[in-house]
Amino acid sequence: MLTLEGATVRFGDRTVLEAVDLAVADHEIVCLLGPSGSGKSTLLRAVAGLRELDAGRVLLDGADQAGVPTHRRGVGLMFQDHQLFPQKDVAGNVAFGPRMHGVPKAERAARVEELLGLVGLPGAGGRSVAALSGGEQQRVALARALAPRPRLLMLDEPLGQLDRGLRERLVVELRELFGRLGTTVLAVTHDQGEAFALADRVVVLRDGRIAQSGTPVEVWRRPASEFVARFLGFENVVPAEVSGTGAATAWGRVPVPEGSPQGKRTLLVRPAGVRVVPAGGGLACRVVSRTFRGHHVSVLLRPADGPPLEAEFPLGEVPGEGAEVAVAFRAEDVVVLGAEPQSRS
Ligand SMILES: Nc1ncnc2c1ncn2[C@@H]1O[C@H](COP(=O)(O)OP(=O)(O)OP(=O)(O)O)[C@@H](O)[C@H]1O
C-alpha cells in the first residue's frame, strides 16, 4: 500500500532520513520507534507530503506521490497536540474532513455518529471540545482523522500527552478498532511499550536509517544490534568471543544458543536468564539493589569480575540486599548480537 524507496531528506548538510526503504501492506499497523531526532516525524511528514524528499520516492498504491499535495494523498494525520478546533463542538470537529470533501450534510451527520460510537463517545456530538478530558479529546481527534476514510492513517505520538494508565488502555482499544476497520496505520512513538502493544510490525530508526524491522516478538526476542538492545532497555550487553556453544566474556564463560555466530561479537544476556546456583558453582556476585515489579523482582548484581549484571527473580526467590550469591546463565536467554552498522553521529 505504502512504499518508500531510498527516501532521503536533508536539512542543510544534515541527512535526517537516509535512503530508507519501507513497505507497509494493506491493513498493516506499523510503528516507527527510535530515539529523539532519529527521523520518525520526518518520515511521516514525507509520506504526508508535508516535506519533499531530496531523493527517493513515496508510492501509495503504486502511484508516485512526487508533487501530489497532502490533501490529495488520501492520508489521515493525527499529531500529538490534537489540534482540535476549539470554537467547534465535537461533531463540528469530526465532520471537518467529510465537509471539505463535499459529503452531503445528512451523510456527514450519520458518519459523525458512527465514528463517535466507534471511539467510545456515542452522543457526544454537541459537547464543547474545551470541556473534554485529555482522553476524550484524544478520541475526538482520532474520530476526526478517521472520518474522511483515509487509505492510510498516520499517527505521530498519538497518546503522548496522556498519563500512562490511560495510554495503556487506549492503545489496546486502538489496536482493536483498527483491526475492526481494517485501517492501514503508520504510527510514530518513542515509547516501546506503546509500539509493541499497537503494532503488527515495529521499525526501529537510528540516525535516519532502519536499525531493525520485525514483529514485536522478533525484535524483542532477537534485537539485531547493541543499539536496538540498549534502546529496548537491556543493560547486560558485553563484548564476547564466541566459540561453539559458549562465549568468553568479562563474566566468565557464558553459554550461547546452538548455531550462534562465532568469533568476536557482542552478547546480550536477558535478565531472566540469570539464575542463582549453589555457592562456588558460578559467578560470585553481591546483591546491590532490588526493585519490586509486581510479578518479579529486578535485582542489580555486582560480580567479582565484569560490569554490573541485571537479573530478574521470582518473588519467592529474591536474595536480600548485600547477600553474596553465585549465578549462572541460561543459553536460551543469551543473544549473540549482529555487527553494528557504522553510525554517522
Ligand atoms: N525543519 C527542520 N529544519 C532543520 N532540522 C530539522 C527540521 N525538522 C527536523 N529537523 C531535524 O531532523 C532530525 C530528525 O527530526 P524528527 O523530528 O524527524 O525526529 P524524531 O525521531 O521524530 O524525534 P522526536 O522523537 O524528538 O520527535 C532532528 O535532528 C531535527 O532537529
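1. Glycine 244 sits in the loop that joins strand S11 (237–243) to strand S12 (246–249). The model is a predicted one. With 10 C-beta neighbours inside 10 Å, glycine 244 counts as exposed, because a residue is exposed if 12 or fewer other C-beta atoms lie within that distance. Glycine 244 and arginine 139 are 105 residues apart along the chain, and 53 Å separates their C-alpha atoms.

2. Valine 16 belongs to strand S2. Is this residue, valine 16, buried or exposed? Valine 16 has 20 other C-beta atoms within 10 Å and is therefore buried, since the cut-off for a buried residue is 20 or more. Apart from its neighbours within four places in sequence, valine 16 is in contact with Val9, Arg10, Phe11, Gly39, Thr42 and Gly208. From valine 16 to leucine 43 there are 27 residues in sequence, and the C-alpha to C-alpha distance is 9.1 Å.

3. Strand S2 is also part of an open sheet of four strands, arranged in the order S2-S1-S4-S5 with antiparallel pairing. Strand S2 (14–24) and strand S5 (63–64) are the edge strands, since each of them pairs on one side only. Strand S4 (residues 55–60) is joined to S5 by two bridges, in the antiparallel sense. Within this pairing, leucine 59 has aspartate 64 in S5 as its bridge partner.

4. Helix H1 packs on this sheet and touches strand S1 (2–11), S2 and S4. The direction of H1 makes about 65 degrees with that of S2. Seven of the nine residues of H1 are buried, so the helix is largely enclosed by the rest of the structure. The buried residues of H1 are Lys40, Thr42, Leu43, Leu44, Ala46, Val47 and Ala48. Just after H1 comes glycine 49, which takes a positive phi of about 85 degrees.

5. The last point concerns the ligand. Which residues are around the ligand? They are Phe11, Val16, Gly34, Ser36, Gly37, Ser38, Gly39, Lys40, Ser41, Thr42 and His190. Helix H1 (residues 40–48) gives the most to this shell, with three residues. By type, the shell around the ligand holds two nonpolar residues, eight polar residues and one charged residue. Valine 16, the buried residue of point 2, is among the residues around the ligand. Lys40 and Thr42 are likewise around the ligand, and both are buried in H1.

Notes: Residues numbered from 1 in each chain as written. Predicted model: local features only at pLDDT ≥ 70, side-chain atom pairs only at ≥ 80, totals over all residues. Near = placed C-beta within 6 Å. Nonpolar A, V, L, I, M, F, W, Y, C, P; charged D, E, K, R; others polar. Pairing = 2+ DSSP bridges. Contact = placed C-beta atoms within 7 Å. Axes fitted to C-alpha atoms, helices over the stretch in contact; angles between N-to-C directions.
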